[in-house]
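Morning, everyone. I have one structure to walk you through today, so please bring it up on your screens.

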Amino acid sequence: MERTAGSRHRRPHTRPALGAAMAVVAAGALTLTGMVSSAEAADVNVAKNAGFESGLTNWTCTGGSGATVSSPVHGGSAALKATPAGLDNAQCSQTVAVKPNSTYSLSSWVQGSYVYLGVSGTGTTDVSTWTPSATSWTQLATSFTTGASTTSVTVYTHGWYGQPAYYADDFAVTGPDGGGGTDPAPTVPATPAGLTSGSKTSSSVSLAWNSVSGATGYTVYKDGAKATTSTGTSATISGLSADTAYSFAVSATNAAGESAKSAALSVRTSTSGTTNPPPSTTVPKHAVTGYWQNFNNGATVQKLSDVPAAYDIIAVSFADATSTPGAVSFTLDSAGLNGYTVDQFKADIKAKQAAGKNVIISVGGEKGAVAVNSDASATAFADSVYSLMQTYGFNGVDIDLENGLNSTYMSKALRSLSTKAGSGLVITMAPQTIDMQSTSGEYFKTALNVKDILTVVNMQYYNSGSMLGCDGKVYSQGSVDFLTALACIQLEGGLDASQVGLGVPASTRGAGSGYVAPSIVSAALDCLAKGTNCGSFKPSKTYPTLRGAMTWSTNWDATAGNAWSSAVGASVHALP
């Protein structure tokens, strides 16, 4: 920082006139004042919308790869989620104003595999840092110095090719204000709207409400008194009396304060032993499963009503972790889905069910942070999923936890959920290939533990690399043999053929690697179910009750003109 403006020069052996002396003193005082002001100027965070509370405002993400999510977040109510696809590493960047010849610290909190943070255009040495794996929020930090004529730089974060989505939150580019200022201080959030009740028992009531921009949490009131807090948009109030009316309200909070309470909602608990059963439909003998994206990552944005009839099971992606271990919540991304409302969403679920389809809630995803590893978390998982089923009308749940799974407690959770929901519950799973190489794996053990209530396991035959088939040989992804030889492990490892499906991307943009043409999927289905159209691997017997196929996602399918569901759907529904 330059200080020459504050220097003073003395004139020895000369006494100035009184007016001149006063001028010198005044000038010196003014100069000193300027020097003190400059020295004490506080550093600021020159990044704008640093916590993604205003969506992607001020940020640019390559290929439409970025979106904001409400969970997981490091701070506030939103975070960035960006998904690499093909040759796009999902870089999200912002240009910020800086001062020349100044030093800045750069940091961000991230989750994911191979997440990078860096800066370019510094006029000196551009810097970056990265982490190979951050399973929970981890801070990346570095620093840089601007050149003599640098007035702006570009800060960025990105993932890596073939890797799943990453998350970023709470950017900081801290140093002298370059003229662009900083984000304003938070304001008290608005009052939550849309308070509704979902499932209720004789001793508990589940509640849900609309998210509020800028809120970091919510407080639920029962009969005017604080009952609980939540970082999501749902909560279950327990310890209630049977057949009793209660008044509930909710407020939104952040660092600036608490909003006014919402309009009160009166809910009466059930009489002892009664619950509201979820809707029940029948899954066809041969079924097509598709994941529907509750976010915009560059694929075609859809309403559920836009999903083609070829899909028999629609997995809504994804439920989010909450601050309660094991518990999940769901918030429709109305803003990212072109104004799709909760009422429209619920109506579309009912319409799909009326047409014989099943709509389920998927838990997990690439970096889903849901952990079910204790009795308490198993109970919280079952209770919260059942609450979502009651609130939205979901037929069941999909387990897509790609960061570890505890077979003991997940099995307990699913059995508890089955007890609540009854025989119509749909349970699907989407493990990665490595998870189903052996019956000793936690995913495989979970599938076998709940075999009597399990609908289908749609293993992800992509983003994998080479794997062993049931014959002990190594097969590379992207071929008929890879699909059939790996499916054989499940078919011969204890699962019924009706519980095995082939999970593949709907297009080349739907995964980092492992895409196969619909004709390859159809050939693999024929090979397993009929013994025809096999590659070099041919199973020792046929499995005519093979359940079918799954794809990520209905949105990427739509982007490619629904070519996948048209071709593969016809093949699945033509199986014997």
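**A walk through the model**

Let's start in a strand: Asp170 sits in strand E9, residues 166-175. Keep in mind that this is a predicted model. Asp170 has a phi near 55 degrees, a positive value in a residue other than glycine. Most residues other than glycine have a negative phi, and most peptide bonds are trans. Is Asp170 buried, exposed or partly exposed? Its relative accessibility is 24%, so Asp170 counts as partly exposed.

Asn101 is another case. Phi of Asn101 is near 50 degrees, again positive and again not a glycine. Asn101 lies in the loop from strand E5 (92-97) to strand E6 (103-120).

Now the peptide bonds. Which bond is cis around Phe318? The one joining Ser317 and Phe318, with omega about 5 degrees. Phe318 belongs to strand E19, residues 313-321. Further along, the bond from Trp552 to Ser553 is cis as well, with omega near 5 degrees. Ser553 is in the loop between strand E28 (548-552) and helix H8 (554-559).

Let me step back to the whole protein. It has 9 helices and 28 strands. The C-alpha trace spans about 110 × 65 × 40 Å along its principal axes. There are 576 residues, and buried ones make up 51% of them. The accessible surface is about 23200 Å². Carbon and sulfur atoms account for 51% of that surface. Then the contacts. Take those between residues at least 6 apart in sequence: 74% of them join residues at least 24 apart.

Next, the aromatics. The count here is 25 aromatic pairs. Let's look at Trp292 with Tyr340. Their ring centres are 6.2 Å apart and their planes stand at 70 degrees. An angle over 60 counts as edge-to-face, so this pair is edge-to-face. Where in the chain do Trp292 and Tyr340 come from? Trp292 is in strand E18, residues 287-293. Tyr340 is in the loop between strand E20 (328-329) and helix H2 (342-354). The two are 48 residues apart, and the pair links distant parts of the chain. Trp292 and Tyr340 are both buried. They also belong to a cluster linked by ring pairs. The cluster takes in Trp292, Phe330, Tyr340, Phe345, Tyr392 and Phe394.

On to helix packing. Two packed helices are described by the angle between their axes and the distance between the axes. Here we have helix H4, residues 407-421, against helix H5, residues 442-449. The angle is about 35 degrees, and the axes are 9 Å apart. H4 passes H5 in a right-handed crossing. Which residues meet there? From H4: Ser407, Met410, Ser411, Leu414 and Arg415. From H5: Glu442, Lys445, Thr446 and Asn449. By type, that contact has 2 nonpolar, 4 polar and 3 charged residues.

Now a buried glutamine. Gln490 is in helix H6, residues 480-492. Its relative accessibility is 0%, so Gln490 counts as buried. What does Gln490 touch, leaving out residues up to four places away in sequence? Met436, Phe444, Val457, Met459, Tyr461, Leu495 and Val500.

The loop between strand E16 (257-258) and strand E17 (265-268) holds Ser262. With 10% relative accessibility, Ser262 counts as buried. Ser262 and Ala193 are 69 residues apart in sequence, yet 6.4 Å apart in space, C-alpha to C-alpha. Not counting residues up to four places away, Ser262 touches Thr191, Pro192, Leu195, Ala249 and Val250.

The other one is Gly55, in the loop between strand E1 (44-45) and strand E2 (60-61). Its contacts, neighbours within four places in sequence aside, are Asn49 and Thr68. From Gly55 to Ala79 is 24 residues along the chain, and their C-alpha atoms are separated by 8.4 Å.

That's the tour. Over to you for questions.

Technical notes: Residues numbered from 1 in each chain as written. Predicted model: local features only at pLDDT ≥ 70, side-chain atom pairs only at ≥ 80, totals over all residues. Heavy atoms only, no water. Axes fitted to C-alpha atoms, helices over the stretch in contact; angles between N-to-C directions. Helix = DSSP H or I, 4+ residues; strand = E, 2+ residues; numbered from the N terminus. Left-handed = near helix turned anticlockwise from the far one by under 90°. Contact = heavy atoms within 4.5 Å. Nonpolar A, V, L, I, M, F, W, Y, C, P; charged D, E, K, R; others polar. Buried < 20%, exposed > 50% of the residue type's maximum accessible area, 1.4 Å probe, protein only. Areas by Shrake-Rupley, 256 points an atom, 1.4 Å probe, with all protein chains shown as cover. Phe/Tyr/Trp six-rings, centres within 6.5 Å; stacked < 30°, edge-to-face > 60°.
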